[in-house]
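Hi there,

Here is the structure I promised to pass on. My notes on it follow below.

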Amino acid sequence: MTTPETTSPAVPAAAEPASDPWRPRGRAVPRAPRAVRALLPGPSPERVSDVPADIAMMSDIRVARTLVGPPFPVSPLASKRWLVRERAFVTALFAAYAEGTFRPAACYPFTVLRERLPDSTEEYVGQVTVMYAGDGETRRTPVNETWEEWRTRTKVFEIGAALRPEWHRKGLATAAVRVAMHDWAIPQMGCTELRAECLASNIGSVKIWQKYGFVEDPEFRTEVQIFEAKGAGSSRAAC
Ligand SMILES: CC(C)(COP(=O)(O)OP(=O)(O)OC[C@H]1O[C@@H](n2cnc3c(N)ncnc32)[C@H](O)[C@@H]1OP(=O)(O)O)[C@@H](O)C(=O)NCCC(=O)NCCS
């Protein structure tokens, strides 16, 4: 992924823990789309304080068994590395927004959904991610001409969701995915092509993608080996 260089960040690196790291200063800094804020208060970038909740969710077998990766149980080091990477993107993005030098965005900065508790603290609920699927992938859809100055034609994006089991089947992922796609990925990231990978047996996930018009691509259908710790065996995965 490429992110434009920024020289003097007008927005400091996201402060820990609770104050909104994207609080607007000077020029408009992006905020969570209104629909996300209405859905659950406090959707935001990853915070260092999210690591334990993130590890707990990803290490819960009810979540892990539906995910082809990451390894199980999740290593705290891997989770921290991921968080550091995410925060670097988000910090650069907000700084550049404030300076007016960076558009469109290179990542979805409002990954984490949180519940606001009566005492005003926030609890991690889960995440929706949108990111580059990696270099070397061939896009099948044309890219809007105006986005060409900052990225190649060979990159496609991938979307995924994972929620703490207590939050499953409440319509949350359906709503949060719509917001991530329509309020951010398409207008802010210039996405013209999104992929989602899931096990064919993951009915909740399959339903969400189908609802939004994703169609299974036979070219990406594959048998995956499930880690022994996740129950072993093989399963069909598709994009
Ligand atoms: C997959 C996941 C993100 C779905 O989130 P969710 O908020 O529970 O989904 P929704 O409540 O929006 O449900 C979407 C649809 O799937 C159905 N559904 C959800 N979970 C289901 C399940 N386990 N079995 C059958 N149907 C299910 C819902 O009833 C709903 O159908 P409807 O629109 O016809 O009413 C969530 O279950 C999860 O975090 N799972 C673990 C991680 C994971 O599998 N991530 C996806 C990897 S691609």
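Helices (H or I, at least four residues) and strands (E, at least two) are DSSP runs, numbered from the N terminus. Residues are numbered from 1 along each chain as its sequence is written. Please keep in mind that this is a predicted model: local features need pLDDT of at least 70, side-chain atom pairs count only at pLDDT 80 or more, and totals for chains, interfaces and linings use all residues.

On confidence, the mean pLDDT (the predictor's confidence in each residue, from 0 to 100) is 72 for the protein, with 64% of its residues at 70 or more. Over residues 1–29 pLDDT stays under 50. Where pLDDT is low, the predicted coordinates should not be read in detail.

Helix α2 (residues 51–58) packs against helix α4 (residues 76–99) at an angle of about 125 degrees, their axes 10 Å apart; axes are lines fitted to C-alpha atoms over the stretch in contact, and angles run from 0 to 180 degrees between N-to-C directions. In this pairing, Val51, Asp54 and Ile55 of α2 meet Pro76, Ser79, Lys80 and Leu83 of α4 (contact means C-beta atoms, placed from the backbone, within 7 Å).

Best wishes

How values were computed: Contact = placed C-beta atoms within 7 Å.
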